[in-house]
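Biologist: I would like a close look at one hairpin, and then at the charged contacts elsewhere in the chain. Please give cut-offs as you go.

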Amino acid sequence: EKILDAPELVNDYYLNLLDWGNNNVLAVSLGPSVYLWNAANAEIQQLLALEEEESYITSVSWSQRSNVLAVGTSLNTIQVWDAEKGQPIRNLHGHDQRVSSLNWNGCILSSGSRDATIINHDLRMANPIISRFTHHNSEVCGLKWSPDGSQLASGSNDNTLMIWDLNYGAPRHIFREHTAAVKALAWCPWQKNLLASGGGTNDKTMKFWNTENGSLVNSVNVNTQVCSLIWNPNEKEILSSHGFANTGDDNGSRSYIRLWKYPTMNVVGELKGHEDRVLHLALSPDNETVVSAGADERLCFWKLFEAPFTRKKMNKGKIFMSDLR
């Protein structure tokens, strides 16, 4: 539907540089700066820019309940901003290295870092650190709270996926079946305790987990790095974005987005709008539009997930077009 330029989008698999808030504002990190794109009126504003030399933004995450944006940095800190007023609220400390991943659970902000730790911050408190998870041994590049807020999934460059309870210091489950970094994480919106995860270049799989009993439900070889995952809230489908293939006959990037039917994992269609790996996906608050961010410094907007009443009016099998450009 739309393509926007994203100059200086950092080409780093382990970062999380895109988030679309419930306020219908897209936060995009470009080098040392965070820009806000208002989907209602297409206005763009620069929220912040780091002044330290060679510093850059490493993660962004909108609070579900407000215009509050958390911003992780290469300076090992988190800045919390009131985006509506364009004013900083506070800085959060506690990590020793860059803050690669962020995710909110109400007033609790969880942060993952290259220092291999996860810190849970309660923004209502003067001393906000309420717990610290230390079982990973490499960069924590993926963090996602379950829809009901009861479980936190964390993926790391140590190739493990862990499931946490906020009130318990040890993981409920440690999954070691991936053979590369686990960044892409997505909780199913219509089936409780179903989690999807994607592995890096040496893994090339999407896996599905029952986080209640700790079982592996399914594993699918997709032949390429899995960068991001989003479930379709309206249909039993999941969207994946991809990067490096690193196979014997293809050492390049597979710069596509693929839609899968669940649980058969039949491919519904491929979306080819990027010229380099597709690092990030974000879903609009009306659950219909997906934005993708690629290492080609492009943002592409796709109208993919029609509401059920709209989809019934369309010819079955002709909804998703792989020749979209």
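In the hairpin of S8 and S9, which residue takes a positive phi?

Modeller: Glycine 86 does, with a positive phi near 70°. This is a predicted model, in which local features need pLDDT of at least 70 and side-chain atom pairs count only at pLDDT 80 or more, while totals for chains, interfaces and linings use all residues. Residues are numbered from 1 along each chain as its sequence is written, and side-chain values use heavy atoms, with hydrogens and water left out.

The hairpin has 4 residues between its strands. Strand S8 covers residues 78-82 and strand S9 residues 87-92, and the two run antiparallel, joined by 5 bridges. Strands here are DSSP runs of E, at least two residues long, numbered from the N terminus; two of them pair if DSSP finds at least two bridges between them. Aspartate 82 stands opposite glutamine 87 of S9.

As for charged contacts, the structure holds 11 salt bridges, each being a side-chain nitrogen of Lys or Arg within 4 Å of a carboxyl oxygen of Asp or Glu. One of them pairs arginine 114 with glutamate 139, with 3.6 Å between the closest N and O atoms. These partners are 25 residues apart: arginine 114 sits in the loop between strands S11 (108-113) and S12 (118-122), and glutamate 139 in the loop between S13 (129-133) and S14. Arginine 114 is partly exposed at 40% relative accessible area, whereas glutamate 139 is buried at 5%; buried means under 20%, exposed over 50%, and partly exposed in between, with a 1.4 Å probe and protein chains only.

Another salt bridge joins aspartate 148 and lysine 192, whose closest N and O atoms are also 3.6 Å apart. Here the separation in the chain is 44 residues, from the loop between S14 and S15 (152-156), which holds aspartate 148, to the loop between S18 and S19 (194-199), which holds lysine 192. Aspartate 148 is partly exposed at 44%, and lysine 192 is exposed at 61%.

Lysine 261 and glutamate 237 also meet in a salt bridge, at 3.9 Å from N to O. Lysine 261 belongs to strand S24 (residues 257-261) and glutamate 237 to strand S23 (residues 237-242), so this pair ties together parts 24 residues apart in sequence. Lysine 261 is partly exposed at 31%, while glutamate 237 is buried at 3%. Salt bridges with shared partners also join Asp12, Arg98, Arg114 and Glu139 into one network.
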